[in-house]
Amino acid sequence: MTKIAELLHAGCHVKILLADLHAYLDNMKAPLELIEQRVKYYEFIVKSLLRAVGVDISKLEFIKGSSYQKSENYTMDRFKLEGMTRISVAQKAGAEVVKQTTDPFLGGLTYPLMQALDEEYLDVDAQLGGLDQRKIFTFALENLPKIGYKVRAHLMHSMVPGLGEAQKMSSSEPDSKIDLLDSAEVVAKKLKKAVCVPKKIEGNGVVAFVEHVIFRVASLKNGKAHFVVERREGEPLIYDDIQKLKEDYEADILTPQLLKAALTKALNELLDPIRSEFEASEEWQKIAELAYPAEAKQQKVKKQKDKGDPAKRAAALAAKAGQLKINEWGSEESK
């Protein structure tokens, strides 16, 4: 999202694809009715984030995939790509994006073909995505010209490592990522638990978050990067250069504890206006409830013990009482 903010800041016309059909095709992670609400939710939250960063969103456009992906022309072009693409090629193209199984659904194989075709139907000059999209980009470069469409540029941004052991932030691992509507307390808790090996930069999600989010957002808002680390003793550490921050971290001048505390403060300052906007919008709150309904807690029903047939139970008790009398009589006789 930082890269989108930078493109808007540079004056680019940015189109964000709200990929509803893609979301369904990727192993049917959610029903279409739920995806419809999530599309609305994403538009709310993306706009709010970009406003919080301080960029002009007048050149921002949202386009829902299903608004054109069910058209006759798109369907015919999809057939053309499907007709010339081997299963192994489709699997390779979506290897880092689509869930991989030994017996994949057909939708997962169609997913990368559609993403390539979207470049033409969105009428864009370039497609932006993370490094995990590179195989789909390669597929587009090699195959769109075969059905008569021009080659587009492809822009790739770094993938920020997860805050846990994950290689990237993932919705399947809640503690590996920061949600834009996380409370200040939840943000603090997640960062406190985050893996942040002392003196190690590579694969460090906390350092990467500072570099790719906090530094770049500060540059957009203030014209230059600026990150302050408060210390209990001594003057605060002030960084205008990410390289200096990394050098201090490797030298253990900047410790994980100091870095996490500073990141928590900076991140909550960034998220505050987003949280406030959400709290002030009844429409957004309603959509959030529909998009991510709370899971109904199943109440435990106490299992009633089967006491059996009342008549049989009475007979058993009578027999037991009779046995006790016999035992007592025998005991008296032995005296």
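Tutor: Start with one definition: helices here are DSSP runs of at least four residues, strands are runs of at least two, and both are numbered from the N terminus. Keep in mind that this is a predicted model.

Student: Where is Asp123 found?

Tutor: Asp123 sits in the loop between helix 6 and strand 3 (126-130).

Student: What makes the phi of Asp123 worth a remark?

Tutor: The value is near 55 degrees, which is positive, and the residue is not a glycine. Most residues other than glycine have a negative phi.

Student: Why is Asp123 called exposed?

Tutor: The cut-off for exposed is over 50% relative accessible area. Asp123 has 57%, so Asp123 counts as exposed.

Student: What about the phi of Asp252?

Tutor: Asp252 also has a positive phi, of about 65 degrees, and is not a glycine. Asp252 lies in the loop between helix 10 (242-250) and helix 11. The relative accessible area of Asp252 is 37%, between the 20% and 50% limits, so the residue is partly exposed.

Student: How do you know that Glu96 and Arg134 meet in a salt bridge?

Tutor: The limit is 4 Å between a side-chain nitrogen of Lys or Arg and a carboxyl oxygen of Asp or Glu. Here the N to O distance is 3.2 Å, so the pair qualifies.

Student: Why is it said that the pair of Glu96 and Arg134 ties parts together?

Tutor: Glu96 is in the loop between helix 5 (87-93) and helix 6 (106-121), while Arg134 is in helix 7 (residues 134-143), so the pair ties together parts that are 38 residues apart in sequence.

Student: How many salt bridges are there in the whole structure?

Tutor: The search finds 17. One of them joins Asp182 and Lys190, at 2.8 Å from N to O.

Student: Are Asp182 and Lys190 buried or exposed?

Tutor: Buried means under 20%. Asp182 has 10%, so Asp182 is buried. Lys190 has 8%, so Lys190 is buried too.

Student: How far apart are Glu269 and Lys265 in helix 11?

Tutor: They are 4 residues apart, about one turn of helix 11 (residues 256-280). Elsewhere, salt bridges with shared partners join Lys177, Asp179, Asp182 and Lys190 into one network.

Student: How many aromatic pairs are there?

Tutor: The count comes to 8.

Student: What kind of pair do the rings of Tyr41 and Tyr42 make?

Tutor: The centres must lie within 6.5 Å, and planes over 60 degrees apart count as edge-to-face. These centres are 6.2 Å apart and the planes meet at 65 degrees, so the pair is edge-to-face. Ring pairs also link Tyr41, Tyr42 and Tyr292 into a cluster.

Student: What about the rings of Tyr68 and Tyr121?

Tutor: Stacked needs planes under 30 degrees apart. This pair has 5 degrees, with centres 6.3 Å apart, so the pair is stacked. Tyr68 is in the loop between strand 2 (60-64) and helix 4 (72-84), and Tyr121 is in helix 6, 53 residues apart.

Student: Which residues touch the most other members of the largest nonpolar core?

Tutor: Leu50, Phe227, Leu245, Leu259 and Leu267 do, in a core of 61 residues. Leu267 touches Ile178, Val187, Leu191, Phe209 and Ile214, leaving out residues up to four places away in sequence. A second, separate core has 19 residues, among them Ala116, Val124, Phe139 and Ala140.

Conventions: Residues numbered from 1 in each chain as written. Predicted model: local features only at pLDDT ≥ 70, side-chain atom pairs only at ≥ 80, totals over all residues. Heavy atoms only, no water. Buried < 20%, exposed > 50% of the residue type's maximum accessible area, 1.4 Å probe, protein only. Core = buried A, V, L, I, M, F, W, Y, C linked by side-chain atoms within 4.5 Å. Contact = heavy atoms within 4.5 Å. Phe/Tyr/Trp six-rings, centres within 6.5 Å; stacked < 30°, edge-to-face > 60°.
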